[in-house]
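Please examine the sequence together with the three-dimensional model shown below. The explanation after it is meant to be read with both in view.

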Amino acid sequence: MGKEKNPRRVAENEAMAVSRMLRTSPQKLNLVAAMIRGKSVEKALTDLTFSKKRISDEVKKTLQSAIANAENNHGLDVDELIVAEAFVGKNLVMKRGRPRARGRFGKILKPFSQVTIKVRQIEEQA
């Protein structure tokens, strides 16, 4: 009688994690996401650990969540995972302001963004 199960949004050998409401602009976050795209998860975690970008800690948490999803929810092997996709989207923008000269108003935009990380299991070549 119940509803049918929702189809998976990713392939059978993939897992995904999303972090929303990250307090940085999408342009800055995309620099960090581009740094890990296509790398093995071990190398990506190492790069994020030693990155000087402030937001890299949040991206590292998201990557660790994707790895945990792959292992626990989908039964994938952690040693064979690569970062298949890492893409960034816009979220809300807080509008603030500051009084300026001659009665004007300086607009200050405080953007938020989100990052989506997909990891994929590949078979290692011997």
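The following paragraphs treat the sheet, the helices and then some individual residues.

The model is predicted: local features need pLDDT of at least 70, side-chain atom pairs count only at pLDDT 80 or more, and totals for chains, interfaces and linings use all residues. Residues are numbered from 1 along each chain as its sequence is written, and side-chain values use heavy atoms, with hydrogens and water left out.

The sheet comes first. Helices (H or I, at least four residues) and strands (E, at least two) are DSSP runs, numbered from the N terminus. Two strands are said to pair if DSSP finds at least two bridges between them. An open sheet is formed by three strands in the order β1-β3-β2, with antiparallel pairing. The edges are held by β1 (14-22) and β2 (81-99); each has a single partner strand, so one side of each is left without a neighbour in the sheet. On average, neighbouring strands of this sheet are turned by 15° against each other, direction ignored. Here, axes are lines fitted to C-alpha atoms, for helices over the stretch in contact, and angles run from 0 to 180 degrees between N-to-C directions.

The antiparallel strands β2 and β3 (residues 105-121) are joined by 16 bridges. Met 94 has Lys 110 in β3 as its bridge partner, and Leu 109 in β3 stands opposite Lys 95. The terms are set by relative accessible area: buried means under 20%, exposed over 50%, and partly exposed in between (1.4 Å probe, protein chains only).

Helix α1 (residues 26-36) lies across β1, β2 and β3 and runs at about 165° to β2. Helix α3 (residues 56-72) also packs on the sheet, where it touches β1, β2 and β3, and its direction makes about 150° with that of β1.

Which residues of α1 are buried? They are Leu 29, Val 32, Ala 33 and Ile 36. These residues cover an arc of only 100° around the axis, which puts them on the same side of α1; the arc is that of the directions from the helix axis to the C-beta atoms. Gln 27, Lys 28 and Leu 31, on the other side of α1, are exposed. The cover over the buried residues of α1 includes β1, α2 (41-49), α3, β2 and β3. After α1 comes Gly 38, with a positive phi near 80°.

Helix α2 has its own buried residues, Val 41, Ala 44, Asp 47 and Leu 48. They lie on the same side of α2 because they cover an arc of only 125° around the axis. The buried residues of α2 pack against α1, α3, β2 and β3.

Several individual residues complete the picture. Glu 14 is found in strand β1 and counts as buried, at 7% relative accessibility. Leaving aside neighbours within four places in sequence, the contacts of Glu 14 include Arg 8, His 74 and Lys 118. Ser 113, in strand β3, counts as buried at 0% relative accessibility. Not counting residues up to four places away in sequence, Ser 113 touches several residues, among them Ser 19, Leu 29 and Val 88. By contrast, Arg 9 lies in the segment before β1 and is exposed, with a relative accessible area of 73%.

Most residues other than glycine have a negative phi, and most peptide bonds are trans. Met 21, in strand β1, has a positive phi near 60° and counts as partly exposed at 42% relative accessibility. Arg 102, too, is a residue other than glycine with a positive phi, near 60°.

Finally, the aromatic rings may be considered. The charged end of Arg 23 sits over the ring of Phe 112, 5.4 Å from its centre; the criterion is NZ of Lys or CZ of Arg within 6 Å of the ring centre and within 35 degrees of the ring normal.

Note on methods:
Contact = heavy atoms within 4.5 Å.
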